[in-house]
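Trainee: Could you take me through the reading of a model, one feature at a time?
Mentor: Gladly; let us look at it together.

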Amino acid sequence: PVLARALAKKPEDRYPSARELASDLREAHARIAPPEAAESVSGDPGRARSPWGVLVAGGLLALAAATFLLLRGC
């Protein structure tokens with residue numbers, strides 16, 4: 001649902017801010033990641049971030065960009 005909302009056709013159906021998108025992505029990550037991975041993205045500056053989180057976020061960003069470009073007809 002996060003990606004569908006981010007790529008919604010109507011602007012009013014999309015996320016109003018990147019902050020809300022990031023919050024939903026964190027919640028989705030917490031639901032699918034093992035507990036130790038969820039702790040690494042909790043915002044604690046003393047902990048290293050999970051490389052899986054970075055890969056997932058990068059993949060979602062690439063997918064969103066590709067979908068956007070395809071929908072625009074580029």
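Trainee: What should I keep in mind about the model before reading values from it?
Mentor: This is a predicted model, in which local features need pLDDT of at least 70 and side-chain atom pairs count only at pLDDT 80 or more, while totals for chains, interfaces and linings use all residues. Residues are numbered from 1 along each chain as its sequence is written, and side-chain values use heavy atoms, with hydrogens and water left out.

Trainee: How many helices and strands does the protein have?
Mentor: Helices (H or I, at least four residues) and strands (E, at least two) are DSSP runs, numbered from the N terminus. Here the protein has 4 helices and 0 strands, so that its elements read α-α-α-α from the N terminus on.

Trainee: What span should helix 4 have?
Mentor: The expected span of a helix is 1.5 Å times one less than its number of residues. For the 22 residues of helix 4 (residues 51-72) this gives 32 Å, and the end C-alpha atoms are 32 Å apart, which agrees. Just after helix 4, Gly-73 has a positive phi of about 85 degrees.

Trainee: Is Thr-67 buried, partly exposed or exposed?
Mentor: Buried means under 20% relative accessible area, exposed over 50%, and partly exposed in between, with a 1.4 Å probe and protein chains only. Thr-67, placed in helix 4, counts as partly exposed because its relative accessibility is 23%. Of the 74 residues of the protein, 15% count as buried.

Trainee: Which charged residue lies over the face of Tyr-15?
Mentor: A charge sits over a ring if NZ of Lys or CZ of Arg is within 6 Å of the ring centre and within 35 degrees of the ring normal. In this model Arg-5 lies over the face of Tyr-15, at 4.1 Å from the ring centre.

Trainee: Which residues line the second largest pocket?
Mentor: A pocket is an open set of points on a 1 Å grid, where a 1.4 Å probe fits, with protein on both sides within 12 Å along at least five of seven lines, and lining residues have an atom within 4 Å of a point. The lining here consists of Ala-6, Leu-7, Ala-8, Lys-9, Arg-14, Phe-68, Leu-71 and Arg-72, and helix 4 gives the most to it, with 3 residues.
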